[in-house]
Amino acid sequence: MEDMLSKQMEFLIEIDKLKQVERRTKIMSGDRLENDAEHTWHLAMMALILQGHANADVDLLKVIRMLLVHDLVEIDAGDTFAYDTKGNVDKHERELSAAKRIFGLLPEEQAAELMELWLEFEHKESQEAKFASALDRLQPLIHNHNNNGDTWQKYGISSSQVLNRNREIADASDKLWDYAQQLVRKSVDQGILKES
């Protein structure tokens with residue numbers, strides 16, 4: 001029991017590093033970059049509030065558990081920018097290696113459970129994984145719309161790139177996909193996202 005607790009504590013101390021992983025998207029007030037821990041919290045809240053818009057019934061607890069786990073790998077692998085085609089080539093391998101190390105800090109049963117959740121999210125193998133992934137796609141879009149397109153403008157992202165990147169939202173929620181498309185149109189109309 002003592003060994004189990006020490007492993008669990010080691011893991012919990014290690015994952016505090018998520019607070020130091022900066023994302024490319026600024027917080028909505030636009031004065032600094034969001035970190036992965038803030039992103040994770042916001043996604044969990046989105047799941048709690050938006051669950052009723054999923055195309056199919058989802059187990060809310062499972063969705064939240066996936067969201068809490070999905071970016072822990074970025075402690076080692078870093079945040080790969082969604083529109084970085086070169087960085088996305090080896091993203092899965094880097095993140096899988098990180099998952100093995102980080103989850104491996106836990107007792108074997110818990111390590112296997114978190115690895116299974118992470119892989120399910122990555123492969124979008126269930127309605128829960130599809131919904132969690134849809135929220136993960138939608139959240140930065142909401143941020144960019146509300147912070148004057150900061151990341152879009154900084155990296156020269158176009159409306160077609162945003163729509164193509166986020167199209168899979170429809171797999172989990174037609175309503176959220178409609179909302180995402182409306183945000184893209186509004187962003188183009190406001191001149192904060194270039195049309196293409």
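Biologist: Leaving aside neighbours within four places in sequence, with which residues is Leu67 in contact?

Modeller: This is a predicted model, and the contacts of its residues are computed from it. Leu67 is one of the residues that touch the most other members of the largest nonpolar core. Beyond its neighbours within four places in sequence, Leu67 is in contact with Thr40, Leu43, Ala44, Ala47, Phe121, Ala132 and Leu135.

Biologist: How are α3 and α7 oriented where they pack, roughly parallel or roughly perpendicular?

Modeller: The axes of α3 and α7 are 9 Å apart, and the helices pack at an angle of about 95°. Angles of 65 to 115 degrees count as roughly perpendicular. Therefore the orientation of α3 to α7 is roughly perpendicular.

Biologist: How many nonpolar residues does the contact of α3 with α7 have?

Modeller: From α3, the contact draws on Lys62, Arg65, Met66, Leu67, Val69 and His70. From α7, Glu113, Leu114, Leu117, Trp118, Glu120 and Phe121 take part. By class, one residue in the contact is polar, four are charged, and the nonpolar residues number seven.

Biologist: Is Leu72 buried or exposed?

Modeller: Leu72 is placed in the loop between α3 and α4. Leaving aside neighbours within four places in sequence, Leu72 is in contact with Phe11, Ile15, Leu18, Ile102 and Phe103. Its relative accessible area is 5%, and a residue under 20% counts as buried. Leu72 is therefore buried.

Biologist: How far apart in space are Leu72 and Glu38, C-alpha to C-alpha?

Modeller: In sequence, 34 residues separate Leu72 from Glu38. In space, their C-alpha to C-alpha distance is 12 Å.

Biologist: Which backbone oxygen does the side chain of Asn147 reach?

Modeller: Asn147 lies in the loop between α8 and α9, and at 7% relative accessibility it counts as buried. Beyond its neighbours within four places in sequence, Asn147 is in contact with Thr25, Lys26, Ile27, Met28 and Gly30. At 3.1 Å, the side chain of Asn147 reaches the backbone oxygen of Lys26.

Definitions and conventions. Residues numbered from 1 in each chain as written. Predicted model: local features only at pLDDT ≥ 70, side-chain atom pairs only at ≥ 80, totals over all residues. Heavy atoms only, no water. Core = buried A, V, L, I, M, F, W, Y, C linked by side-chain atoms within 4.5 Å. Buried < 20%, exposed > 50% of the residue type's maximum accessible area, 1.4 Å probe, protein only. Contact = heavy atoms within 4.5 Å. Helix = DSSP H or I, 4+ residues; strand = E, 2+ residues; numbered from the N terminus. Polar contact = N/O pair within 3.5 Å; in protein donor to acceptor, adjacent residues only side chain to side chain. Axes fitted to C-alpha atoms, helices over the stretch in contact; angles between N-to-C directions. Parallel < 35°, antiparallel > 145°, perpendicular 65-115°, else oblique. Nonpolar A, V, L, I, M, F, W, Y, C, P; charged D, E, K, R; others polar.
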